[in-house]
Amino acid sequence: MAVFYLMHMVQEITERILQGGALTHAEALALVHLEDKEELYRAADALRRHFKGDFMEMCSIMNAKSGKCTQDCKWCSQSMFHNTHVEEYELVDLQEAEQLAEENAGKGVYRFSLVTSGRAISNSNLDKLCGVYKSIQRKTPIHLCASMGLLNRSQLDKLREAGVGHYHCNIETAPSYFKEVCSSHTMEDKVRTIKAARAAGMGICSGGIIGMGETMEQRIEMAFTLSELEIESIPLNVLMPVEGTQLAGAKPLSDEEVLTTFALFRLINPKANIRLAGGRNLISHIQDRALNAGVSAALVGDYLTTVGTNINQDKEAFSGAGFSLDHELLKERTCCKA
């Protein structure tokens, strides 16, 4: 009887969300105990198709400033509190950044982001990278994103004026768990930056990392927090434990935990892009299942300090799963530059 009730509940919830309703917190907690998780994954896939269609939004990033970070995030190989022998440099070669953006645009990548280590990028480095963004915008149709820490409104305005349309600032985890993984800044700092970026006219990309010791209930809490913030792009990273960090010995998540998390994030944030992000190499064996459990976007290419995925192989995998890689907005920008 309980199994039948939960399956019927999935159908009711799906119909409600399709009609503009929302999943409740109590329902999300109940769905964790659904015996037939495939029913949950199918519901997430149906919502993805309805709200996001079949376009796979690919984005890529470049580590524009590496290492020597003053923040104590327990997972991060770039923190000065960890001994990881990560490569350190103040600023990437600017021509190299432009070249990578052009290469990714040529492969059909939709969005490109420069990412910098540290609490916030300096004004001098920000000005240099704004110049890079302006050059990229002149040369390619790729859409631009930035991830440069806890910036203030005037800094965010500079990025927007340079052509950056989205700002990335992960909330990382649930508000109730944040202090367990970082003490050098707060969730409130993150939210303040997100609101300032939106006020500057940028779209927001914000998600987090799963597998840092948080519970499934706290993952659900994170999903609802992102919903309240009306985040349109949600990258979900699976922790890649790095030797020398405080989370080097973290217990890996089960396949079911990962897929259930993706599906619940879709149900809680039906109109957002749920994005495969860091840690994809750890879950490559279930990627096809994830692509049918609510995922609508992916981070492709290399990550910040680790080797990522082959873009051409990703395109084949996404196409094989029924996704389209063409988008009218890219075509429009290409036409405008012709």
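**Exercise 1. Describe the setting of Gly244 in the loop between β7 (233-238) and α10.**

Solution. The model is predicted, so local features need pLDDT of at least 70 and side-chain atom pairs count only at pLDDT 80 or more, while totals for chains, interfaces and linings use all residues. Residues are numbered from 1 along each chain as its sequence is written, and side-chain values use heavy atoms, leaving out hydrogens and water.

Next, the relative accessible area of Gly244 is 33%, so the residue is partly exposed (buried means under 20%, exposed over 50%, partly exposed in between, with a 1.4 Å probe and protein chains only). Gly244 touches His82, Asn83 and Thr84, residues up to four places away in sequence not being counted; contact means heavy atoms within 4.5 Å.

**Exercise 2. Is Thr261 buried or exposed, and which residues does Thr261 touch?**

Solution. Thr261 is placed in helix α10 (residues 255-268). Its relative accessibility is 1%, and therefore Thr261 counts as buried. Beyond four places in sequence, Thr261 touches Ile210, Met216, Arg219 and Leu236. A polar atom of the Thr261 side chain also lies 2.7 Å from the backbone oxygen of Glu257.

**Exercise 3. How many disulfides does a search of the whole structure find?**

Solution. The search finds zero, a disulfide being a pair of cysteine sulfur atoms within 2.5 Å. Cys69 is in no disulfide, the nearest cysteine sulfur being that of Cys76, 6.1 Å away. For Cys205, the closest cysteine sulfur is in Cys145 at 5.6 Å, which is too far for a bond. As to accessibility, Cys69 is buried at 8%, and Cys205 is buried at 9%.

**Exercise 4. At what angle do the axes of helix α5 and helix α6 cross?**

Solution. The axes of α5 (residues 123-139) and α6 (residues 153-161) cross at roughly 20 degrees and come within 9 Å; axes are lines fitted to C-alpha atoms over the stretch in contact, with angles from 0 to 180 degrees between N-to-C directions. α5 is therefore roughly parallel to α6 (angles under 35 degrees count as roughly parallel, over 145 as roughly antiparallel, 65 to 115 as roughly perpendicular and the rest as oblique). The contact involves Asn123, Leu126, Asp127, Cys130 and Tyr133 of α5, together with Gln155, Lys158 and Leu159 of α6.

Key:
Helices (H or I, at least four residues) and strands (E, at least two) are DSSP runs, numbered from the N terminus. A polar contact is a pair of N or O atoms within 3.5 Å; within protein, one must be able to donate a hydrogen and the other to accept it, and residues adjacent in sequence count only if both atoms are side-chain atoms.
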